[in-house]
Amino acid sequence: MRFLPSAEQREFARALDGLLTASDTPAVARAWAAGDHKPGRALWGRLAEAGVFGLAVSARHGGMGLLPAELTVAFTELGRHVVPGPLVETVAAAAFLERLDTGAAAEWLPRIAAGEALVSLCADGPYALDADAADAVLVVEGDTVRRAEGHGPAQASLDPARRLFRPRGGTVLARGPAVTAAAAHALDIARLATAAQSLGLGRALLAQTVSHVTRRTQFGVPIGSFQAVKHRLADILIALEFAQPLVHGAAPALAAGASSAGREVAAAKVAAGEAGHAAARTALQLHGALGYTEEPALSLWTRKARPLRDAWGTPAECRRRVLAG
């Protein structure tokens, strides 16, 4: 089994990296956190043109089919560049609608693939991410799915760019075992995409921290020359290197519908989430007082690490999934 991205996938990653670098994603994230969705929607459209959302939509609905390996590559770059919005929720909603295959699928999937619709799927707790910006909020409760008709006020969030809302009311779209099965499939897609985001986030934090410790001096030498600093950074690199094959290895298992896919995705989620969170803690410490303020762009990455670690399954929940067999 091949865990490394192919040449085409690496080229896809480079193209997304160039697109996102040119888009000034830190400014987009700050605007999104302030409630200004215009720059984020514009970037969303460019990502759709690059094919990101079509990776979770079948060809009959205007996409390229569910391609977990390519989704992993894409979401690693989205995490590396702290792109805001219900990215994971939208691809999870696409996977849910594809599996459920109701009238809502024909209505929403072509729009998702084209980047014309943001859809927030709420199936992992009481909150819908970015419900104020979403064109539709799908709420799964047990064996029932409904489209919410509104939402409450924004809730406090550790990451200002992850805006949380309680959905209200709505029209029932479907009931029964098919909803439960589709939601379980969407959960695996969401966990894999979130794991990839955490991996990209951790890589970005490590790169920023290495750059900082080679510039900042103490006692006349760069602090990166201190043994304790080297050890901290080496620990983060090892954690990220350990998580990467788990993330890339879970994708083909999910694509093949293997019975072990859920466990492999959960293991990848734990490893990548913990590595990203550790990278954020190390970045805060080694940046000193600067790491704890909102003015530097570093805060956009550090404040996202823990929410990503816990979204779509906390480490404890994912470990239980692994042990359940």
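This is a predicted model: local features need pLDDT of at least 70, side-chain atom pairs count only at pLDDT 80 or more; totals for chains, interfaces and linings use all residues.
I will start with the helices. Two packed helices are described by the angle between their axes and the distance between those axes. Here the pair is H1, residues 7-22, and H4, residues 68-80. Their axes are 9 Å apart, and the angle is about 30 degrees. Angles under 35 degrees count as roughly parallel, so H1 is roughly parallel to H4. The crossing of H1 and H4 is right-handed.

Which residues of H1 and H4 make the contact? From H1 they are Gln9, Phe12, Ala13, Leu16, Asp17 and Leu20. H4 brings Ala69, Glu70, Val73, Ala74, Glu77, Leu78 and Arg80. Sorted by class, that contact has eight nonpolar, one polar and four charged residues.

The largest pocket holds about 360 Å³ of space. Its lining is made of 19 residues, and those nearest the centre are Asp124, Tyr127, Arg162, Leu164 and Ala311. Strand S1 (119-122), strand S2 (128-129) and helix H10 (298-310) each give two or more residues to this lining. The classes are 13 nonpolar, two polar and four charged.

The second largest pocket has about 270 Å³ of space. It is lined by 14 residues, with Leu158, Ala280, Leu284, Thr302 and Arg303 closest to its centre. Helix H9 (261-286) and H10 are the elements that give two or more residues to this lining. Which element gives the most? That is H10, with five residues. By class, this second lining has five nonpolar, five polar and four charged residues.

That is the end of the talk.

Definitions and conventions. Residues are numbered from 1 along each chain as its sequence is written. Side-chain values use heavy atoms; hydrogens and water are left out. Axes are lines fitted to C-alpha atoms, for helices over the stretch in contact, and angles run from 0 to 180 degrees between N-to-C directions. Helices (H or I, at least four residues) and strands (E, at least two) are DSSP runs, numbered from the N terminus. Angles under 35 degrees count as roughly parallel, over 145 as roughly antiparallel, 65 to 115 as roughly perpendicular and the rest as oblique. A crossing is left-handed if the near helix is turned anticlockwise from the far one by less than a right angle, and right-handed if clockwise. Contact means heavy atoms within 4.5 Å. Ala, Val, Leu, Ile, Met, Phe, Trp, Tyr, Cys and Pro count as nonpolar, Asp, Glu, Lys and Arg as charged, and the others, Gly among them, as polar. On a 1 Å grid over the protein atoms alone, a cavity is a set of points where a 1.4 Å probe fits but cannot get out, and a pocket is an open set with protein on both sides within 12 Å along at least five of seven lines; lining residues have an atom within 4 Å of a point. Grid points are joined across faces, edges and corners, and a volume is the space filled by probe spheres set on the points.
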